[in-house]
Amino acid sequence: MRIKTEITKDDFSRLLEWLSSEPDEAARKYEEIRAGLIRFFRYRGCDEGETLADEAMNRVAIKLATVEFDGNVKVITYFYAFASRIYLENLKEERRVRDKARELAERLVRASERRVEPGSNIECLQKCLAVR
């Protein structure tokens, strides 16, 4: 994945506090959510499930600084909303890379199919190599 969101210590602390005011409980929830996100991405065929899960966790951590929630928000739903978006971004990036590789392969095939013109240096080199 191309994008890698960096968070600050304050972002991470805010995330843990949002998960629970009890530090041990917050850490447990963090790991539980992260494991679920990894499964989410792997189930969808993503090779980089851990990286994508970390990206989702980081984006949520950053977003928490700009939003306020009432008591009706489900924490896990918020994470999966971010994960869904990251999954789509990842698909788009994989398609872009695959299309670029296909284009390069086609160009290579076309280049190898070009005929050698009589009198060219390549023709001379090929004749020399054929003699040996």
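The model is predicted. The protein contains five helices and zero strands, and its elements follow the order α-α-α-α-α from the N terminus on.

**Overall organisation**
- Of the 132 residues in the protein, 27% are buried.
- The protein exposes about 9900 Å² of area, and carbon and sulfur atoms supply 52% of that area.
- Among contacts in the protein with a separation of 6 or more, 63% join residues 24 or more positions apart.

**Helices α1 and α2**
- Helix α1 covers residues 9-19 and helix α2 covers residues 23-43; their axes come within 8 Å and cross at roughly 100°.
- Because angles of 65 to 115 degrees count as roughly perpendicular, α1 is described as roughly perpendicular to α2.
- On the α1 side, the contact is made by F12, L15, L16 and L19, while α2 contributes A26, K29, Y30 and I33.
- By class, this contact of α1 with α2 comprises seven nonpolar residues, one charged residue and no polar residues.
- In general, an α-helix has 3.6 residues a turn, so residues three or four places apart point the same way.

**Helix α3**
- Helix α3 runs over residues 49-63 and has 15 residues; at 1.5 Å a residue it should span 21 Å, and its end C-alpha atoms are 21 Å apart, so the two values agree.
- The buried residues of α3 are G49, L52, A53, E55, A56, M57, N58, R59, V60 and A61.

Methods. Residues are numbered from 1 along each chain as its sequence is written. This is a predicted model: local features need pLDDT of at least 70, side-chain atom pairs count only at pLDDT 80 or more; totals for chains, interfaces and linings use all residues. Side-chain values use heavy atoms; hydrogens and water are left out. Axes are lines fitted to C-alpha atoms, for helices over the stretch in contact, and angles run from 0 to 180 degrees between N-to-C directions. Helices (H or I, at least four residues) and strands (E, at least two) are DSSP runs, numbered from the N terminus. Angles under 35 degrees count as roughly parallel, over 145 as roughly antiparallel, 65 to 115 as roughly perpendicular and the rest as oblique. Contact means heavy atoms within 4.5 Å. Ala, Val, Leu, Ile, Met, Phe, Trp, Tyr, Cys and Pro count as nonpolar, Asp, Glu, Lys and Arg as charged, and the others, Gly among them, as polar. The expected span of a helix is 1.5 Å times one less than its number of residues. Buried means under 20% relative accessible area, exposed over 50%, partly exposed in between (1.4 Å probe, protein chains only). Accessible areas come from the Shrake-Rupley method with a 1.4 Å probe; for residues, only the protein chains shown count as cover.
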